[in-house]
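Open the model in your viewer and show it as a cartoon. The stops below say what to select and what is found there.

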Amino acid sequence: MPIGPARMPLMDHLGELRMRFVRIVVVLFVALVFFYYASNTVAQFMLEPVKGLNLLPMDADGNVQLYTFGAAEAFGVRLKIALWTALVGCAPFIIWQIMAFFLPALKPSERKWFVPTFAVGCALFIFGAVFCYLIIIPAAFEWLTDQANDFSQIMPQATLWIDIILKFELGFGFAFELPLIVFYLIVFEIVPYSKLRSKWREIYVTLLVISGMITPDASPVTMLLMYAPLIAMYEISMAVARAVMGKRIQEQKEELEEAARLDAEWEEEWADFKARRAEQKAKRKAAEED
């Protein structure tokens with residue numbers, strides 16, 4: 001996609017913004033229409049990991065037949081599938097249009113990071129979605145449906161099953177962006193590497209909380225299945241950052257050590273100053289009493 005010049009009149013900037021917004025709307029609309037008519041195929045693909053649970057009714061062709069209640073529910077389910085599939089499918093185009101609008105305002109040293117960021121971000125999202133599709137969804141639904149075996153019969157409602165699968169996929173896709181976030185926190189020196197390394201206990205607890213918030217069910221199984229790869233990706237991103245920025249990380253460490261040394265010297269001088277003041281006050285008080 002072409003990138004405009006850095007300096008343009010205000011109206012030209014607004015015109016470019018409108019042009020990119022129109023492109024996004026048109027592409028989203030076309031994708032929405034396409035995926036709406038292909039929603040049955042998309043739904044069958046989404047439900048493929050849970051077919052082995054023997055809970056879903058099948059037709060003669062082996063396709064899953066979920067239950068809908070009410071005249072509008074089937075339309076709502078198809079529209080939801082089409083909308084989220086279109087958003088995810090068009091996300092690279094949307095992100096690039098936004099980036100292309102803001103890139104001219106950045107310095108060349110900052111601009112060079114965005115194309116690798118774009119590629120890595122898309123790859124991580126896809127990896128998270130595929131991991132969820134192959135590993136998480138079968139395990140999560142198996143555990144959840146097993147809870148009803150003793151006292152109830154599960155009625156697979158289309159709205160609920162499609163909704164929870166979509167939330168799983170999106171949650172894991174965004175959660176797998178963690179390495180990119182950690183890497184840029186270190187690259188742009190927002191948080192020093194040594195601080196992230198020393199605060200690993202707090203970070204592990206934070207990732208556990210995030211895992212519980214992102215997973216759409218209350219299952220400890222899915223929470224732990226998300227928590228484990230998040231920990232692994234965090235450690236991998238730390239290792240990659242150290243390998244790429246080893247010299248800068250060492251400089252940050254030395255700067256922090258120097259700052260700590262200066263703070264300790266200042267505190268020691270302040271303590272000596274307060275002790276001398278206290279001693280002088282004691283002497284004056286003693287002289288006044290004499």
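Select helix α3 (residues 73-102) together with α6: their axes come within 10 Å and cross at roughly 10°. An angle under 35 degrees counts as roughly parallel, so α3 is roughly parallel to α6. The crossing of these two helices is left-handed. Keep in mind that this is a predicted model.

Now show side chains at this contact. From α3, pick Glu73, Val77, Lys80, Ile81, Trp84 and Val88; they meet Ala158, Thr159, Ile162, Asp163, Leu166 and Leu170 of α6. By class, the contact of α3 with α6 holds 8 nonpolar, 1 polar and 3 charged residues.

Colour α6 by accessibility: 13 of its 18 residues are buried, so the helix is largely enclosed by the rest of the structure.

The contact of α5 with α6 divides into 18 nonpolar, 3 polar and 1 charged residues.

For the last stop, go to helix α9 (residues 200-214) and select serine 211. Is serine 211 buried or exposed? Its relative accessible area is 0%, so serine 211 is buried. Leaving out residues up to four places away in sequence, serine 211 touches Met223, Met226, Tyr227 and Leu230.

Terms used
Residues numbered from 1 in each chain as written. Predicted model: local features only at pLDDT ≥ 70, side-chain atom pairs only at ≥ 80, totals over all residues. Heavy atoms only, no water. Nonpolar A, V, L, I, M, F, W, Y, C, P; charged D, E, K, R; others polar. Helix = DSSP H or I, 4+ residues; strand = E, 2+ residues; numbered from the N terminus. Buried < 20%, exposed > 50% of the residue type's maximum accessible area, 1.4 Å probe, protein only. Contact = heavy atoms within 4.5 Å. Axes fitted to C-alpha atoms, helices over the stretch in contact; angles between N-to-C directions. Parallel < 35°, antiparallel > 145°, perpendicular 65-115°, else oblique. Left-handed = near helix turned anticlockwise from the far one by under 90°.
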